[in-house]
Amino acid sequence: ARDFARFGLLFSRSGDWAGSEVVPAAWIAESTTPVGTDMAYGLHWWSFDNGLYYAALGARNQSIWVFPYFDLVILRNGIYDKRGDPEDYRVIGGSYHDTPEPSEWDDSDFLAPIFEAINDNPLNK
């Protein structure tokens with residue numbers, strides 16, 4: 001979770017980490033800009049509200065939400081369960097994992113208060 005949060009912060013800060021450019025700001029801008037007019041998808045990022053925030057959305061509702069104006073990163077990891085023989089975990093194809101979603105989970109309920117606070121903020125214009 002900490003690495004995902006760091007990754008989100010790196011994007012929130014236009015590729016800068018502790019005063020060093022780790023990823024070019026131009027790449028951050030390009031990758032978070034939709035590639036077409038009919039879809040909000042960029043280069044592995046979904047862009048929302050005209051680019052005010054964006055998200056990396058993964059399997060089983062795992063996500064990294066980035067709100068650059070507020071330097072805010074929200075992430076959600078799922079339940080991680082390794083399957084297969086523990087001796088084979090480091091062998092490619094020797095095991096797999098499953099990240100089941102809790103039956104009562106709802107992304108909308110989780111994110112709604114955050115979106116409300118950000119959208120209602122007079123500085124977010």
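Modeller: Five bridges join strand β5, residues 63–67, to β6, and the two strands run antiparallel. Within this pair, V66 stands opposite V73 of β6. This is a predicted model, and the description here follows it as such.

In general, the strands of a sheet pair through backbone hydrogen bonds, in a parallel or an antiparallel manner. Here β5 and β6 belong to an open sheet of four strands, ordered β3-β4-β5-β6, with antiparallel pairing. The edges are formed by β3 (46–48) and β6 (72–76), each of which pairs on one side only. From one strand to the next, the twist averages 15°. Helix α3, residues 107–119, packs on this sheet and touches β4 (53–57), β5 and β6. The direction of helix α3 makes about 175° with that of β6.

S47 is in strand β3. With a relative accessibility of 7%, S47 counts as buried, because buried means under 20%. The side chain of S47 reaches the backbone oxygen of T32 at 3.4 Å. Apart from neighbours within four places in sequence, S47 is in contact with T32, P34, A40, Y53 and Y54.

S31 lies in helix α2, which covers residues 25–31. S31 has a relative accessible area of 1%, so it is buried by the cut-off of under 20%. Its side chain reaches the backbone oxygen of I28 at 3.2 Å. Once neighbours within four places in sequence are set aside, the contacts of S31 are F11, G42, L43 and W45.

L10 is found in helix α1, residues 2–12. L10 is also buried, as its relative accessible area is 10%. Leaving out neighbours within four places in sequence, L10 is in contact with G15, D16, W17, V22 and V23. L10 and P68 are 58 residues apart in sequence, while their C-alpha atoms are 9.9 Å apart in space.

To return to the part asked about: β5 is joined to β6 by five bridges, β6 is an edge strand of the sheet, and helix α3 touches both β5 and β6.

How values were computed: Residues numbered from 1 in each chain as written. Predicted model: local features only at pLDDT ≥ 70, side-chain atom pairs only at ≥ 80, totals over all residues. Heavy atoms only, no water. Buried < 20%, exposed > 50% of the residue type's maximum accessible area, 1.4 Å probe, protein only. Contact = heavy atoms within 4.5 Å. Pairing = 2+ DSSP bridges. Axes fitted to C-alpha atoms, helices over the stretch in contact; angles between N-to-C directions. Polar contact = N/O pair within 3.5 Å; in protein donor to acceptor, adjacent residues only side chain to side chain.
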